[in-house]
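Trainee: Could you go through this one with me, starting with the words I need?

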Amino acid sequence: MTPSVSPVRRTPILRRLAVLSLSVAVLAAGGAAATQSSSAAAPTVAPRAAATPTTPPGSYPGPGRVTGDVGVHDPTIVVRPGGGYLLAHTGANIALKTSSDRTAFRNAGAVFPNGAPWTTTYTGGSSNLWAPDLSYRDGRYWLYYSASTFGSNRSAIFLATSTTGASGSWTNQGLVIESRTSDNFNAIDPNLVVDASGRWWLSFGSFWSGIKMVALNPATGKRSDTTVRSIAGRNGGAIEAPVIVRHGSYYYLWVSFDRCCQGAASTYRVMVGRSTSVTGPYLDRNGVAMTAGGGTQVLAGHGNIHGPGHQAVFTDTDAEVLVYHYYADNGASLLGINLLGYDNAGWPFVY
């Protein structure tokens, strides 16, 4: 692992010193302090530090230092209400990991240790379940996850909930949305976002006609109507893994472009666009609509970091955090964590 950025949570004293130093530097340059995020994260997540970097580094930083069980694919992380972190990722019956400090991770079993037979219609009998999306709200964990086979859009997104997040504690809440071979979309890679008005939305999609969005009923986590909205696409090209996060007055739509799952030959890269409305239109830095192939690159392969992508973004006490997988030179898929800054025009970068 490249230790150029540490994702370890700062102590209160160090955090105050860092904020003070950055504030002095900004004032000396005649700039304005960075605005505080108004992310629609769960109320149990503390607000991030008021000051964040506004100048991107000259090149992409390496992933922050992580240790322990860090072999992951399609990671998603939530801050636990009692402290520490719960991570879920693609694997047999959805793999779980825990961490107390966002650096050291350990295996915590599987969401469904006894299997998930309701998914086999879509997986061809495989236990490998994909691309979970984990959040904590209303006193329980919500986990959206995908069932499919590689290259097929005969796919489905399911929901499970738990009050503890522990292996074996999850209740299957059933099917949320499915896609058939006759559909022009692919029902995988879900992400839940709650907008500023408290409305729930699920974005999802991979290849085909791109990234879609459906409205959800907050009481059930299931669909509230039959409308399927289009929010991004590349005319059938490689786009997937949507994540929507609110920062300031914008909703940011994060996606992965290009090819995953080819080891060190993977070309995955992290892209973003933004909108003042959760349903779009999302535009990139140059004003190109994401429905027309637009997207501003935030992270791509560099050095021995290959194909970073399938990102998740969450708000922690010290910063907004970008989580992703990448491939090492030997083809192993590993956990990547970096912090996020925003430049003076409000576009994110990793540091």
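Mentor: Two strands pair if DSSP finds at least two bridges between them, a strand being a DSSP run (E, at least two residues) numbered from the N terminus. This is a predicted model, in which local features need pLDDT of at least 70 and side-chain atom pairs count only at pLDDT 80 or more, while totals for chains, interfaces and linings use all residues. Residues are numbered from 1 along each chain as its sequence is written, and side-chain values use heavy atoms, leaving out hydrogens and water.

Trainee: What order do the strands of the open sheet have?

Mentor: The five strands run β1-β6-β5-β3-β2, with mixed pairing.

Trainee: New topic: is Leu 253 buried or exposed?

Mentor: Leu 253, in strand β16 (residues 250-257), is buried because its relative accessibility is 0%, where buried means under 20% relative accessible area, exposed over 50% and partly exposed in between (1.4 Å probe, protein chains only).

Trainee: How far is Leu 253 from Ile 231, C-alpha to C-alpha?

Mentor: Their C-alpha atoms are 8.9 Å apart, although the two residues are separated by 22 residues along the chain. Leaving aside neighbours within four places in sequence, the contacts of Leu 253 include Ile 231, Tyr 282 and Met 290, a contact being heavy atoms within 4.5 Å.

Terms used:
Helices (H or I, at least four residues) and strands (E, at least two) are DSSP runs, numbered from the N terminus.
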